[in-house]
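Subject: Structure handover

Hello,

Here is the structure you asked to look at. Please open it beside this email and follow along.

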Amino acid sequence: MNIGLYSGTFDPIHRGHLALAQAAQERFTLGRIYFVPTGNPPHKQRQPLTPFAHRYAMVVLATMAEKTFVPSLLEAPGAAPVGGKKTAAVPEVNYSIDTVQRLKQTLKKADRLFFLIGIDAFNDIAKWHQAEALFRECPFIVASRPGYSLADVANALPERLRPKAAVTKPFAKQPAQGDLVLPGVTVHLLDGVQQNVSATSIREAVSGKKSLAKFVDPAVGEYIRKMGLYQSGRP
């Protein structure tokens, strides 16, 4: 089975996240996509996050209509049950390489895991913990958007995996589409799935007491309202 791992703060999960997952599911016939709210991501150490319980609850609500979308406690504080089994305690800081390896331990040998990510986040991938090892663990599915070229994708790779400038130069005029396959790297690019929605726009809508219908699933919008989340633009 082809399986997707979609990790993020999901603060909150919105229609853009779901559009990426749906597009990846259709193109790569993903039989299951794990939505993994990050517990304590290293790149968000100085930014306040909504408590994990709220973010996980919103993921559950947003994915209820799609049986192949699975809310995951893989990075929940404490022990994270996956597939009905207990895994090792989650570390204080969550690194994607550890999350991928822990999930793979629960999968069958015939399963193939894909890492789902948006292109803005992918742009910083070289700064991630053990980024080279992460590319060896599984292929990436990256949601592209206008303004990015294939050269941008190649140049975002960790230095030792990055092709030479002479190789990437012709890619500068090519939009970020198709597949990028290099030694130790497989990146599949999804175009046409970008939606004009962000966590910032959601916070602004909440602060202005505007409808969240165009940003999030109705159940998520109702949860945000009932729990009083993101008031004054803050968690």
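A residue is called buried when its relative accessible area is under 20%. By that cut-off F52 is buried, because its relative accessibility is 12%. Please keep in mind that this is a predicted model.

**Aromatic rings**

How many aromatic pairs are there by the ring rule? The count comes to 11. One of them is F52 with Y56: the ring centres are 6.1 Å apart and the planes sit at 10°, so this pair is stacked. Planes under 30 degrees apart count as stacked. Both residues belong to helix α2, which covers residues 52-63. They are 4 residues apart, about one turn of the helix. Y56 is partly exposed, at 21% relative accessible area.

Now take F122 and F135. Their ring centres are 6.1 Å apart, but the planes meet at 90°, so the pair is edge-to-face. F122 is in helix α4 and F135 is in helix α5, so the pair ties together parts 13 residues apart in sequence.

**Backbone points to check**

Most residues other than glycine have a negative phi, and most peptide bonds are trans. Look at these places with that in mind.

- D11 and P12 are joined by a cis peptide bond, with omega about 5°. P12 lies in the loop between β1 (2-8) and α1 (15-28).
- T29 has a positive phi, near 50°, and is not glycine. Its place is the loop between α1 and β2 (30-37). T29 is exposed, at 61% relative accessibility.
- Q130 also has a positive phi near 50°. Q130 sits in the loop between α4 (119-122) and α5 (131-137). It is partly exposed, at 44%.

**A buried loop residue**

Finally, find H14. It lies in the loop between β1 and α1. H14 counts as buried, at 9% relative accessibility. What is H14 in contact with, leaving aside neighbours within four places in sequence? The residues are V197, S198, A199, I202, F215 and V216.

Best wishes

Technical notes: Residues are numbered from 1 along each chain as its sequence is written. This is a predicted model: local features need pLDDT of at least 70, side-chain atom pairs count only at pLDDT 80 or more; totals for chains, interfaces and linings use all residues. Side-chain values use heavy atoms; hydrogens and water are left out. Helices (H or I, at least four residues) and strands (E, at least two) are DSSP runs, numbered from the N terminus. Buried means under 20% relative accessible area, exposed over 50%, partly exposed in between (1.4 Å probe, protein chains only). Contact means heavy atoms within 4.5 Å. Rings of Phe, Tyr and Trp (its six-membered ring) pair if their centres lie within 6.5 Å; planes under 30 degrees apart count as stacked, over 60 as edge-to-face and the rest as tilted.
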